[in-house]
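Dear colleague,

A short account of the findings follows it.

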Amino acid sequence: MNLQQFRFVRETIRRNFNLTEAARSLYTSQPGVSKAIIEFEDELGVRIFERHGKRLKGLTKPGQAVSVVIDRIMREVDNLKKVSDEFAQRDEGALVIACTHTQARYLLPRVIPAFRARFPKVHVSLAEGNPEHLAKLVLHEQADLAIATETLARTPGLVALPVYAWEHTLVVPPDHPLTELTSSAARNLSLEHLARYPIVTYDRAFSGRCAIDAAFEQAGIEPDIVLEAIDADVIKTYADIGLGIGIIAGMAFDPRRDKGLVGLPAGHLFGRHTTSVAIKRGVFLRDFVYVLMEMLAPELSRDVVAEAVAQPAPVVRDAA
């Protein structure tokens with residue numbers, strides 16, 4: 001057995017058992033991948049994949065165990081390369097940050113310039129997407145870390161650490177009836193009152209949308225959500241033209257920048273949320289990754305992050 005066979009098996013699993021896609025991503029031929037997998041299975045004496053004719057349909061029970069071992073081996077191989085890079089080119093390399101649009105637009109501009117000043121030879125890339133996609137990028141080691149509010153803390157194989165807490169904000173044009181409320185009335189605005197107006201807010205995968213839905217559902221109210229978007233800038237645009245009340249993450253509203261809108265607090269309606277940064281459990285982190293995480297949140301020191309990454313995964317036991 002060899003590392004090439006391990007790579008072929010791992011990539012085939014990642015590509016949902018599609019040999020053609022696996023071969024394309026590995027820059028090789030589909031017959032070559034298929035042959036290497038069969039030879040590997042023959043050498044092990046067990047079948048890794050369930051088959052329907054020539055198609056792979058899933059993992060066998062032994063295959064599930066083999067997959068875990070291969071992931072561990074390949075992670076350590078990748079770690080060896082990172083160790084080499086860390087000591088040979090300590091301040092050089094590439095850093096891929098997986099993030100939502102909100103984090104790319106409102107959080108990272110406060111951090112990236114200082115990071116670049118400290119590590120001018122590190123090439124930084126942003127990979128934007130929904131939280132579930134971001135988690136997969138880190139798990140598959142296509143990104144070094146991910147920043148988002150949803151999903152990360154619930155994804156097996158990731159270590160999620162808190163960066164900051166936030167609440168939702170309502171945004172409306174200056175002539176909207178809600179702007180006539182007193183400060184006290186605005187802070188005590190009810191869901192019933194809010195539901196009198198059309199609403200523009202996030203897609204269900206982003207920025208606390210599940211909390212918005214849950215609050216209305218618990219109150220037995222059906223909100224009139226007329227538009228869903230994946231980023232706050234789009235929501236603010238449509239709130240500005242009067243399509244509906246915008247509900248956005250609080251950090252996305254700045255009264256100095258968003259002069260055509262008025263912001264109203266909504267934390268009492270939809271709760272408090274935590275944006276996290278996540279890395280893959282057990283990976284070797286280069287020095288500049290530790291520095292970036294501490295820039296994101298000062299309490300995320302190198303010792304804190306290293307200890308969290310080194311912790312074994314929690315054991316999930318089946319209910320009796």
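Phe17 is placed in the loop between helix 1 and helix 2, helices being DSSP runs of H or I with at least four residues, numbered from the N terminus. The phi of Phe17 is near 70°, a positive value in a residue other than glycine. Asn16 is found in the loop between helix 1 (3-14) and helix 2 (19-25), and has a positive phi of about 55° although it is not a glycine. Most residues other than glycine have a negative phi. Asn16 is exposed, with a relative accessible area of 65% (exposed means over 50%, buried under 20%, partly exposed in between, with a 1.4 Å probe and protein chains only).

This is a predicted model, in which local features need pLDDT of at least 70 and side-chain atom pairs count only at pLDDT 80 or more, while totals for chains, interfaces and linings use all residues. Residues are numbered from 1 along each chain as its sequence is written, and side-chain values use heavy atoms, with hydrogens and water left out.

Yours sincerely

Key: Helix = DSSP H or I, 4+ residues; strand = E, 2+ residues; numbered from the N terminus.
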